[in-house]
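Please read the following notes with the sequence and the structure open beside them. They are arranged as numbered points, moving from the whole chain to single elements and then to pairs of side chains.

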Amino acid sequence: MVGAELDASHLIPPFLVYNGTKRADATNLQQTNWYKYRNWNKEALGRTARVMFQKKHWFDADITIEWLDFLLDKTYRCKKVGLIWDTAGCNTAEQVAKYIENHKDRLIVAQIYGGLTSVLQFCDLVASKLLKQLIKERYYNWKTDFIRAEREKIVANGRDLRDVRIKVKVLLPVMIGIVEESFKAFNIKQRETGSARMTFRKVNQDPWNDHSDKLAAHINSLSLDSMYKDSSTCMAAEDLENTLNLVQ
C-alpha cells in the first residue's frame, strides 16, 4: 500500500503484503512469516515498513483493517486522520465499513468514485511511476553487486566462470530494504519539489483551501488526451460533483 500525506508532502511508511499465511488464518501463529516479521520496523534502526502476509499477497478486508490500524495506531497515533481512497472491493467491504464507523471519532473517509482513480488519486498521478523507477534502480544495483560478489567467490575457489551458472534469488529482507530505501529516496526528492502537496491541491483534496480552479484545469488538460476522452465526455456530472464535495 502506498499512502501520502498532504501536510508533510511525503509518502507515509510502506505497508507491504507478501505471499504467506495471513494472521487471521493461522492455526499456529508462531510458525508463520507474519510472526517472524511482526516487529520488523522495531528490530533495527532505519526500518520503517509494516510487513504482512496473505496467500495471494493481496489486500482483502482483513489486511485493509490491519493497514487502518497501522495508520491510526502507529503512523498517526492520537491524531485525527482524513483518508481519501478509491472504491476497491477491500475498501468497501462490510468489515471495513464497520471498522470505519467504530473509529469515526478519529477517521474521516472520502471515496473516489469508480473510473476516476487515475484522474483523482494522488498515487496514480505522482507516486507510482517514480516509485517503481526507484525500486527498479535499487534492485538492479543490488543484483549487480550480488553477481559481482558471486563471481569473485567462484574465481577465488579456482573454478571457471563459464562452468558456473549464477542463480539470483532475492531474500525477503533484501526486498523489504529495497522498498524502504525507495520510499526514503522519494521523500528526499519531495523536499526539493513538493510535488505531493501540489498534486493534492491540483485535484482539490486540500481540506483547508479551495483549489477547484486547479482541478478544473487538471480535468480540462486530461480531456485533451485521447485516453481520457470517452470517460471525460461520458462521466455523469453529478458523480464528479459528489466526489468533489467529498474530498473538500
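1. Among contacts between residues at least 6 apart in sequence, 72% join residues at least 24 apart. This figure, like every other in this note, comes from a predicted model, and it should be read with that origin in mind.

2. As for the overall make-up, the protein has ten helices and six strands. Of its 248 residues, 37% count as buried, while the protein exposes about 15100 Å², of which carbon and sulfur atoms supply 50%.

3. Strand β4, which spans residues 50-54, deserves a careful look, because five of its five residues are buried and the strand is therefore largely enclosed by the rest of the structure. The cover extends to both faces of β4, with Arg50, Met52 and Gln54 buried on one side and Val51 and Phe53 buried on the other. Strand β3 (residues 15-19) runs parallel to β4 and is joined to β4 by five bridges; within this pairing, Leu16 stands opposite Val51 of β4.

4. Which residues of helix α7 are buried? In this helix, made up of residues 195-202, they are Ser195, Ala196, Thr199 and Phe200. These residues cover an arc of only 140° around the axis, so they lie on the same side of α7. The elements against which the buried residues of α7 pack are β1 (4-5), β2 (10-11), α5 and α6 (172-193). After α7 comes Asn204, whose phi is positive, near 60°.

5. Turning to charged side chains, the count of salt bridges comes to 13. Some of these interactions are connected to one another, as Lys22, Asp25, Asp60 and Asp62 are linked in a network of salt bridges.

6. Glu150 and Lys153 form a salt bridge in which the closest N and O atoms are 3.2 Å apart. Both residues lie in helix α5 (residues 122-156), where they are three residues apart, about one turn of the helix. An α-helix has 3.6 residues a turn, so residues three or four places apart point the same way. Are the two partners buried or partly exposed? Glu150 counts as partly exposed at 22% relative accessibility, and Lys153 is likewise partly exposed, with a relative accessible area of 48%.

7. A further salt bridge joins Glu101 to Lys104, with the closest N and O atoms 2.9 Å apart. Glu101 counts as partly exposed because its relative accessibility is 45%, whereas Lys104, at 54%, counts as exposed. The cut-off matters when reading this pair, since exposed means over 50% relative accessible area.

8. The side chains of Glu43 and Arg47 also meet in a salt bridge, with an N to O distance of 3.5 Å.

Methods:
Residues numbered from 1 in each chain as written. Predicted model: local features only at pLDDT ≥ 70, side-chain atom pairs only at ≥ 80, totals over all residues. Heavy atoms only, no water. Salt bridge = Lys/Arg side-chain N within 4 Å of Asp/Glu carboxyl O. Buried < 20%, exposed > 50% of the residue type's maximum accessible area, 1.4 Å probe, protein only. Helix = DSSP H or I, 4+ residues; strand = E, 2+ residues; numbered from the N terminus. Contact = heavy atoms within 4.5 Å. Areas by Shrake-Rupley, 256 points an atom, 1.4 Å probe, with all protein chains shown as cover. Pairing = 2+ DSSP bridges. Arc of directions from axis to C-beta.
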